[in-house]
Amino acid sequence: MISSVLPTYNRAPFTFVKGEGCWLIEADGRRFLDLGAGIAVNALGHAHPELVAALSAQAQALWHTSNLYNIPQQTALADLLVEETFADTVFFTNSGTEACELAVKMARRYFFELGQPERSDIIAFTGSFHGRSSAGIAAAGGEKLIHGFGPLLPGFKHLEFGDWEAVAEAVDENTAAIILEPVQGEGGIRPVPDQVMQQLRQLCDETGTLLILDEVQCGVARTGRLFAHEWAGVTPDIMMVAKGIGGGFPLGAVLATEQAASAMTAGSHGSTYGGNPLACAVGLAVMKLVSAPDFLAEVNRKSALLRQKLEGLVADNDDIFEEVRGNGLMLGLKCRVANTDVLAAAYDAELLTVPGGDNVLRLLPALNIADEELAEAVQRLDQAAKSVRATAG
Ligand SMILES: *Cc1c(COP(=O)(O)O)cnc(C)c1O
């Protein structure tokens, strides 16, 4: 008989009942060190006092009014995002995939209003992930995502991730936008080289194509910059954000330049819950914390520390691990054995990680994780590697 919860997930047999910073407490009392952070969502750990305070205060005052009225928390968060980024304007959603929906709509409508409705194609890359909505799965195009869900939203062209030469040839008179993650998350922590980001920006400028960056996973200080594209010194026209910006409360956003957003007039898009007071009160608290002076420097310092320890781990266990990749606190361990075996052994060591594509184990800790917790995590990974080796015999 089908379970009462639609069985679309293969869940690990844990029931967490409480979170404290980088720790999750199981119903049976075990304490797990959390290097998954709800898939890069709990950017400031579990139950951060300032986020709890922001949510509680807002919950006492007002939950929902709808976007028929002004929402001061939404305006304050949009103002801060505009101040801190390339963007001139922001639309709030409840998730990453909703941000993808709007990014695609915005790009297509932009060319429609320019009198070039034929420019509706969007170029995307293999191994990418843009969420599970119809636009999201069509954009990513992976077989597992689209299997059985046709007819798909048309107009997406997929190029091999890494075959950057092919992009210039693929852009033609029907191209509206290029969409990509500056660092692929689900695809297995695959960063796009800075030089490629610069080439793509230049190609978009030369052809009038819009550059859409999906920073749902790699954004909000995750890579050691507020947004990952800053490493390459380029800016997008449209950017999707979610995950970390809500610190665990559902919140997403589309950020855009005034030009790219110019076709989105009153009535052209909407959301009942998007940008509601609760989500924006928390999002504002998150953004204030991650954009405070020294926050990024600390993320980069911790990243260097973790990386150094992981390089040691790989050297000591080169039959289990192949390499460390990624940047900031978005790191991947490419495995030589099945990543799911290491994941399971890490569970036994009471350490939570997240599997990714390309046989990678993702490490996405809270950005404010303590140095001792990083050291503890690497020790537990070492323990997991030893146990995998012992089992393989
Ligand atoms: C998680 C993710 C999404 C989808 O976000 P949801 O909130 O699950 O809809 C989109 N893009 C990227 C890069 C993601 O990592």
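**Aromatic pairs and their surroundings**

Tutor: Phe14 and Tyr347 are both buried. Keep in mind that this is a predicted model. The two residues belong to a cluster in which ring pairs link Phe14, Phe16, Phe32 and Tyr347. What is the count of aromatic pairs in the structure? There are 7. Take Phe14 with Phe16: the ring centres are 5.8 Å apart and the planes meet at 40°, so this pair is tilted. A tilted pair falls between two cut-offs, because planes under 30 degrees apart count as stacked and those over 60 as edge-to-face. Phe16 has 30% relative accessibility, so this residue counts as partly exposed. Now take Phe14 with Tyr347. Here the ring centres are 4.9 Å apart and the planes stand at 80°, so the pair is edge-to-face.

The charged end of Arg108 sits over the ring of Phe156, at 5.2 Å from the ring centre. For Arg225, the charged end sits over the ring of Trp231, and the distance to the centre is 4.4 Å.

Lys334 is part of strand E14 (residues 330–335). Buried or exposed? Lys334 counts as buried, because its relative accessibility is 14% and the cut-off for buried is under 20%. Its side chain makes a polar contact with the side chain of Asp358, at 3.2 Å.

Then the backbone. Most residues other than glycine have a negative phi, and most peptide bonds are trans. Ser66 has a phi near 90°, a positive value in a residue other than glycine. Ser66 is placed in the loop between helix H2 (49–61) and helix H3 (72–84). With 15% relative accessibility, Ser66 counts as buried. Ala221 also has a positive phi, near 75°. Ala221 is in the loop between strand E10 (210–214) and strand E11 (238–241). Its relative accessible area is 0%, so Ala221 is buried. The peptide bond is the one that joins Gly150 and Pro151: it is cis, with omega at about -5°. Pro151 lies in the loop between helix H6 (143–146) and strand E6 (156–159).

Last, the ligand. A polar backbone atom of Gly96 is 2.8 Å from a ligand oxygen. For Thr97, a backbone N or O atom lies 2.8 Å from an oxygen atom of the ligand. Lys243 uses its side chain: a polar atom there lies 2.6 Å from an oxygen atom of the ligand. Taken alone, the ligand exposes 380 Å², and the protein buries 82% of that.

Methods:
Residues are numbered from 1 along each chain as its sequence is written. This is a predicted model: local features need pLDDT of at least 70, side-chain atom pairs count only at pLDDT 80 or more; totals for chains, interfaces and linings use all residues. Side-chain values use heavy atoms; hydrogens and water are left out. A polar contact is a pair of N or O atoms within 3.5 Å; within protein, one must be able to donate a hydrogen and the other to accept it, and residues adjacent in sequence count only if both atoms are side-chain atoms. Accessible areas come from the Shrake-Rupley method with a 1.4 Å probe; for residues, only the protein chains shown count as cover. Rings of Phe, Tyr and Trp (its six-membered ring) pair if their centres lie within 6.5 Å; planes under 30 degrees apart count as stacked, over 60 as edge-to-face and the rest as tilted. Buried means under 20% relative accessible area, exposed over 50%, partly exposed in between (1.4 Å probe, protein chains only). A charge sits over a ring if NZ of Lys or CZ of Arg is within 6 Å of the ring centre and within 35 degrees of the ring normal. Helices (H or I, at least four residues) and strands (E, at least two) are DSSP runs, numbered from the N terminus.
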